[in-house]
Amino acid sequence: MIRFIIKGLLRDSHRSILPIIVVSLGVMLTVLMNAWITGVMGDSIEFSAKFSSGHVKIMTRSYAENTAQNPIDLSLSNASELEASLNTEYPDLTWVERITFGGLIDSPDENGETKAQGPALGMGIDLLSENSEEIDRLNIRNSLKRGNFPQNPGEVLISEQFSQKLGVNPGDEITLISSTMYGSMAIANFKVSGTVAFGFAAMDRGAVIADIEDIRLALDMYDATGEILGFFNEGYFDRELADALVMDFNEKYSDPNDEFSPQMVSLTDQGSLSMMVSYAENMTGIIAFIFILVMSIVLWNAGLLSGLRRYGEVGLRLAIGEEKGHIYRSLISESVVIGIIGSTTGTMLGLFFAYILQTKGLDISGMMDDAKIMMPTIMRARITTETYYLGFIPGLFSTVLGTMLSGIGIYKRQTAQLFKELET
Amino acid sequence: METQNQISINKLSKHFPVGGGKFTALKEINLNFVEGEFSGLVGPSGSGKTTLLNIIGSLDSPSEGEAIVLGRAISKLSTKASAKLRKEELGFIFQSYNLLPVYTVYENVEFPLLLLNMSATERKNAVMEALDWVGLIPKIKSKPPQLSGGESQRVAIARAMVKKPKLVLADEPTANLDAENSFHILETMLKLNKDLKTSFLFATHDEKVIKYLKRKISLADGMVAKDEYISK
Ligand SMILES: Nc1ncnc2c1ncn2[C@@H]1O[C@H](COP(=O)(O)OP(=O)(O)OP(=O)(O)O)[C@@H](O)[C@H]1O
Ligand SMILES: [Mg+2]
């Protein structure tokens, strides 16, 4: 009987092709949307992680409470010791120290008098050590606008926009006026080796990027760091791993009674990122749900139509002594077959387009000249394991549900009544 | 005369709910059929032929009275039991052939056998035999849309006959056929009736069919007006 049904399905294109197309399209869209959202959200999250939040971040407890003010006076001391133990205890992550600081940049004229001045957002990172991953992580080389990448201590990069505002060119000297870790005034001179433009306002307005050792020197931060950022070696944020890590670390290292004890926070604990992460997670579920709903309705109607076309068949099958329930179940088996074929096709199509969007990406830099949020300028889809099966479930489910709904008429009606309708 | 009746209908009535009240389609019918009859329900449109045929075929049930078909009381059959009766003992032939368009002639005839526990070889033999009865072996690979009306109805006969049912119920089997084709299929059925002892019960108002009947039961307004055996 099953062979018989499959034969019928193969031969009757109205019965198979239309629903298969509908299911394929729906599944394809779901798969594509999922990969797209995962990709775009994931990239945005990674982007923020790279520039500011890390996958996890360690600060002192009081620094954590005042992050917005870049409170370097609340920095972690004995940073190298902590980093060393992080490296041994949590080798699945790469740990980097960063100092984020505020201050004024003063650009002197040839007489040493102030020519221009502006507030700066400084970032002290590992710029100079030979195998520093920070340069790639922040995409600095590609962001270079003018001049050169710093080669020697005392050389810094400033954002292009800032350099124009200050009238500073590569090769010029600038003075940083800030305060030391202990609260006294700090004045340090740097040479601008080049300018950078990252493509988002937070960094482009007034960034100064310096080597962390220079900043330590300037701000009197011997073996201290504002933050230690951890990045999963896998390359992507993993919420569960991060949460477990945070629990473990804080248990061991954090002391609620010591405001200078280190505290780890996950990416999701930092500002709007938690919203973004749950948005990415929920969106997929919402899409799948809407898809099931819409497809079920479409397939219900398609089922009704093909059901009408098949009244003769149902009547005959009743007459030759097939039970109503059996007919109903066999219609559902058919829909399972259709659902599987459609979902497979749709998944493959979706993966294909997702793959294109993953490798090629969509350049939105034109639309995002002065974006306030940190967002990558090329949006890409991302295929994950989920992408492979995610469309399948709603595809199959909606086909079966559609058939169940349209077949219920057959199931509910009296045999005689049904037969009469079938005869005409 | 307690011969074993194949069908016995006692005081059978059938009402349909219409609007607020009810419409009586069959009124206190009493009829008996023995094995091997070639009989027909005749009468004008609306006289209740199809209704009675459907009750005998366990597709519908009586409102009052009883129809006992091959030892089963129709009014007491569960859906399962009535499906079983149709599956194992009855064959149906319809006015509109009701062939499945995407299947070949062979597959259409094989269809009823798929519900029975038969091996592939048994099925093949049965299908070929049935197609032989109706002279359609050359057309086994054709699909219904390629067949003439007469050929289609012959496929339907083969399909009804393939499991060698005790009783075949045929509702207006010739309504869509011309004289020549009607003649052919009636000859075929008559032959099967003689060779296999299969009982045939028609519902028809087609004179061509009526001429072949050995027993003519005239219905009028849901009642048996006349029940005559015709000797030929
Ligand atoms: N489900 C139903 N509900 C209401 N009335 C019905 C129903 N089925 C049949 N009838 C009525 O019962 C009467 C007998 O119908 P039936 O179909 O048995 O007639 P028939 O003799 O087969 O006629 P025809 O030669 O046109 O096929 C008709 O008047 C019909 O309208
Ligand atoms: Mg009728």
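Analyst: A residue counts as near a molecule or strand when one of its heavy atoms lies within 4 Å of it. This is a predicted model, where local features need pLDDT of at least 70, side-chain atom pairs count only at pLDDT 80 or more, and totals for chains, interfaces and linings use all residues. Residues are numbered from 1 along each chain as its sequence is written, chains are lettered from A and ligands numbered from 1 in the order in which they are written, and side-chain values use heavy atoms, without hydrogens and water.

Start with the shell. Ligand 1 is surrounded by 14 residues. The closest are Ser45(B), Gly46(B), Lys49(B), Thr50(B) and Thr51(B). Chains A and B both supply residues around ligand 1, so the site is shared between chains.

Now the polar side-chain atoms. One in Ser45(B), an N or O atom, is 2.5 Å from an oxygen atom of ligand 1. For Lys49(B), the distance from a polar side-chain atom to a ligand 1 oxygen is 2.7 Å. For Thr51(B), it is 2.5 Å.

Next, cover. Ligand 1 taken alone exposes 640 Å², and the protein buries 70% of that. These areas come from the Shrake-Rupley method with a 1.4 Å probe.

Two elements of chain B give two or more residues to the shell: β2 (21-33) and α1 (49-56). Helices (H or I, at least four residues) and strands (E, at least two) are DSSP runs, numbered from the N terminus. The most comes from α1(B), with three residues.

By class, the shell around ligand 1 holds four nonpolar, seven polar and three charged residues. Here Asp, Glu, Lys and Arg count as charged; Ala, Val, Leu, Ile, Met, Phe, Trp, Tyr, Cys and Pro as nonpolar; the others, Gly among them, as polar.

Note on methods
A polar contact is a pair of N or O atoms within 3.5 Å; within protein, one must be able to donate a hydrogen and the other to accept it, and residues adjacent in sequence count only if both atoms are side-chain atoms.
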